[in-house]
Amino acid sequence: MNSAYIEWVQNFDLFTDGACSGNPGPGGWGFILREIGGSGELLQSGAEHGTTNNRMELTAVIRGFDSISKPSQVRVISDSEYVVKGLKEWLSAWKVRGWKTAAKKPVKNIDLWQQLDQIRAIHTVNPVWIRGHAEHPENTKCDEMAVAAIATLRNR
């Protein structure tokens with residue numbers, strides 16, 4: 001697929017993964033955005049210096065949504081309990097508490113969570129947790145892309 005955007009459908013599966021070599025350290029993210037019931041698919045990855053695994057997990061989700069040009073229904077499929085529980089359970093409660101956790105501490109990675117909150121205002125988001133490294137083909141591919149993206153930082 002040549003376009004960075006998929007515009008002709010409104011239902012997607014978004015498979016995501018993040019990786020980090022050290023925590024913090026160089027990190028990578030990868031996603032597969034697939035139209036449901038069609039053949040359109042977009043794969044992307046990237047990397048950052050001095051980041052954490054959780055930031056890369058969140059970044060993969062955000063970058064996937066950046067590739068959707070209109071309000072859509074999106075099933076986010078991730079092996080990150082942090083992402084899935086954050087989207088399903090914690091995010092709404094953090095907002096009510098003024099971006100504080102139940103322990104009244106500031107939410108970590110607030111900049112990324114606030115972006116995801118804006119995404120939830122546009123799209124219908126259905127997070128689904130899958131076990132990581134359990135031979136789930138899309139999760140395996142996203143992990144491979146994230147790890148390969150880290151390697152690009154070392155080659156620059």
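The paragraphs below treat the nonpolar cores, then the aromatic pairs, then the cysteines.

This is a predicted model, in which local features need pLDDT of at least 70 and side-chain atom pairs count only at pLDDT 80 or more, while totals for chains, interfaces and linings use all residues. Residues are numbered from 1 along each chain as its sequence is written, and side-chain values use heavy atoms, with hydrogens and water left out.

A nonpolar core is here a set of buried Ala, Val, Leu, Ile, Met, Phe, Trp, Tyr and Cys residues joined through side-chain atoms within 4.5 Å; buried means under 20% relative accessible area, exposed over 50%, and partly exposed in between, with a 1.4 Å probe and protein chains only. The largest such core has 26 residues, of which Leu-14, Phe-65, Trp-113 and Leu-116 touch the most other members. Two or more residues each come from β1 (11-20), β2 (25-35), α1 (53-66), β4 (73-78), α2 and α3. These elements are DSSP runs numbered from the N terminus: helices are H or I with at least four residues, strands E with at least two. Helix α1 supplies the largest share of this core, six residues. Beyond its neighbours within four places in sequence, Phe-65 is in contact with Leu-14, Val-74, Val-76, Ile-119, His-123 and Val-125, where contact means heavy atoms within 4.5 Å. A second, separate core of six residues includes Ile-32, Ile-77, Ile-130 and Cys-142.

The structure holds five aromatic pairs. Rings of Phe, Tyr and Trp (its six-membered ring) pair if their centres lie within 6.5 Å; planes under 30 degrees apart count as stacked, over 60 as edge-to-face and the rest as tilted. Trp-29 and Phe-31 are stacked, at 6.1 Å centre to centre and 5° between the planes, and both residues are buried. The rings of Trp-94 and Trp-113 are edge-to-face, because their planes stand at 75°, with centres 5.1 Å apart. This pair links distant parts of the chain, as Trp-94 lies in helix α2 (residues 81-96) and Trp-113 in helix α3 (residues 110-122), 19 residues apart.

The structure holds zero disulfides, a disulfide being a pair of cysteine sulfur atoms within 2.5 Å. Cys-20 is partly exposed, with a relative accessible area of 21%, whereas Cys-142 is buried at 0%.
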